[in-house]
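Please look through the sequence and the model below before reading my comments. I have set them out as numbered points, so that each can be checked against the structure in turn.

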Amino acid sequence: MDRLVYTAMSGLKARMASQAAIANNIANASTTGFRADRVNFERMMLKGQPLDTRAPATAEVIDADRRAGAIMSTGRPLDIAVQSDSWMAVQATDGTEAYTRRGDLNVAASGVLETGDGFPVMGSGGPITIPPHEKIMISEDGTVSIVPPGAAPGTDPQIIDKIKLASTEGSDTVKGLDNLLHVRGGGVLPGDMEARVQSGSLEQSNVNLTQALVDMIENQRGYEVQANLLKEARQMDEGGASLMRLPG
C-alpha cells in the first residue's frame with residue numbers, strides 16, 4: 001500500500017513539474033530567440049530493504065532545445081539574428097557573463113546597448129555604451145558603428161565596439177531560469193571569430209506550438225493516471241480498515 005501511494009505521489013509531482021515547463025514554453029512561443037525547455041523523466045531506484053521495491057518518478061528541466069528558430073526580416077538596424085551555433089554575450093543580473101540568442105537590441109537611456117529583456121550586451125571590455133548618434137549600424141561580424149550627430153554627408157562611421165559572439169563547442173553549458181545560457185560551474189565562453197550576425201532580422205522562438213499542446217494533453221492524461229492510482233490506494237486503505245473493524 002505504501003509503495004503504491006509513494007509511487008503515485010512522486011508521479012504527480014513529476015507531472016506537475018513537466019506541466020510547468022510545457023506552459024513556460026507555450027507562453028514564450030512568440031518570444032524572440034527563446035529556446036524551449038527540455039524535460040527529462042527518470043525513474044529513481046532506491047536501495048535497501050524495503051526501499052529497493054520502490055521506483056519513484058522524477059521530472060526536471062535538463063536543458064534547452066538548441067535548434068535554431070526561424071529568421072524573420074524586420075529592417076530595423078538594431079535587430080540582429082545570430083547565425084550558426086554561436087551565442088551573443090550579455091551581462092546577467094548577478095554581473096556574470098551569460099549568453100542569449102535574443103537580438104532585439106535597444107539603447108537604454110543610460111546609453112547601454114541591451115537586449116529586449118534588459119540584459120546589457122557585452123563588447124570587448126564589458127557592456128557596450130553607445131554615445132549620442134544620428135545613425136547606428138551593426139555589421140556582419142558584430143561591429144557596432146555610429147554616425148555622430150551633425151556629421152557631414154559621406155562621413156565614415158565611427159566604430160564603437162564589437163559585440164562578443166561566443167561558441168559553446170567543447171563547453172558544458174546549461175540554460176538558467178533567466179532564459180540565458182550559462183557555463184556550468186561558472187566561467188565564460190571563448191569568443192567565436194567566425195560567428196556572424198544578420199542585421200535587420202530576428203530569430204524567432206524555436207517552440208513548436210502544436211507539439212507543445214500535444215505534450216500538454218499527454219502530460220495531463222499522465223497526471224490523471226497518477227491521481228487515479230492515489231484514489232485507488234485510498235479506497236484499498238479504507239476497505240482494509242473496514243475489515244479490521246468487523247466484530248470477531
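This is a predicted model: local features need pLDDT of at least 70, side-chain atom pairs count only at pLDDT 80 or more; totals for chains, interfaces and linings use all residues.

The points below go from the whole chain to single residues and pairs.

1. Among the elements, strand β8 (residues 113–114) has the highest mean pLDDT, 98, whereas strand β2 (residues 57–64) has the lowest, 56. Over residues 43–47 the pLDDT falls below 50, although this stretch has 15 contacts in the model beyond near neighbours in sequence. The pLDDT is also below 50 over residues 51–55, a stretch for which 15 contacts of that kind are found as well.

2. As for the overall make-up, the protein has two helices and 16 strands, and buried residues account for 38% of its 248 residues. The protein exposes about 13900 Å², of which carbon and sulfur atoms supply 54%.

3. The largest nonpolar core has 17 residues, and those that touch the most other members are Met88, Leu105, Leu113, Ile138, Val144 and Ile163. Strands β4 (80–82), β9 (135–138) and β10 (143–147) each supply at least two residues of this core. A second, separate core consists of eight residues, including Ala89, Leu181, Val183 and Leu189.

4. Ser201 lies in strand β16 (residues 201–203) and counts as buried at 3% relative accessibility; leaving aside neighbours within four places in sequence, Ser201 is in contact with Ile71, Met72, Ser73, Thr74, Asp79, Ile80 and Ala81. Ser167, by contrast, is placed in the loop between β12 (165–166) and β13 (173–175), yet Ser167 is also buried, with a relative accessible area of 18%, because the cut-off for that word is under 20%. The side chain of Ser167 reaches the backbone nitrogen of Glu169 at 3.2 Å, and, not counting residues up to four places away, Ser167 touches Leu189, Pro190 and Asp192.

5. Side chains of opposite charge can pair when their charged atoms come close, and the count of salt bridges here comes to 11. One of them joins the side chains of Lys175 and Asp37, at 2.8 Å from N to O. Since Lys175 lies in strand β13 and Asp37 in strand β1 (residues 37–43), the pair ties together parts that are 138 residues apart in sequence. Lys175 is buried, with a relative accessible area of 14%, and Asp37 counts as buried at 15%.

6. Two further pairs involve the loop between β9 and β10. Arg196 forms a salt bridge with Glu140, with the closest N and O atoms 4.0 Å apart; because Arg196 lies in the loop between β14 (181–183) and β15 (197–199) and Glu140 in the loop between β9 and β10, this pair ties together parts 56 residues apart in sequence. Lys162 forms a salt bridge with Asp141, with the closest N and O atoms 3.9 Å apart, and here strand β11 (residues 158–162), which holds Lys162, is linked to the loop that holds Asp141, 21 residues apart. Lys162 is partly exposed at 34% relative accessible area, as is Asp141 at 26%.

Notes
Residues are numbered from 1 along each chain as its sequence is written. Side-chain values use heavy atoms; hydrogens and water are left out. A nonpolar core is a set of buried Ala, Val, Leu, Ile, Met, Phe, Trp, Tyr and Cys residues joined through side-chain atoms within 4.5 Å. Buried means under 20% relative accessible area, exposed over 50%, partly exposed in between (1.4 Å probe, protein chains only). Helices (H or I, at least four residues) and strands (E, at least two) are DSSP runs, numbered from the N terminus. pLDDT is the predictor's confidence in each residue, from 0 to 100. Contact means heavy atoms within 4.5 Å. A polar contact is a pair of N or O atoms within 3.5 Å; within protein, one must be able to donate a hydrogen and the other to accept it, and residues adjacent in sequence count only if both atoms are side-chain atoms. Accessible areas come from the Shrake-Rupley method with a 1.4 Å probe; for residues, only the protein chains shown count as cover.
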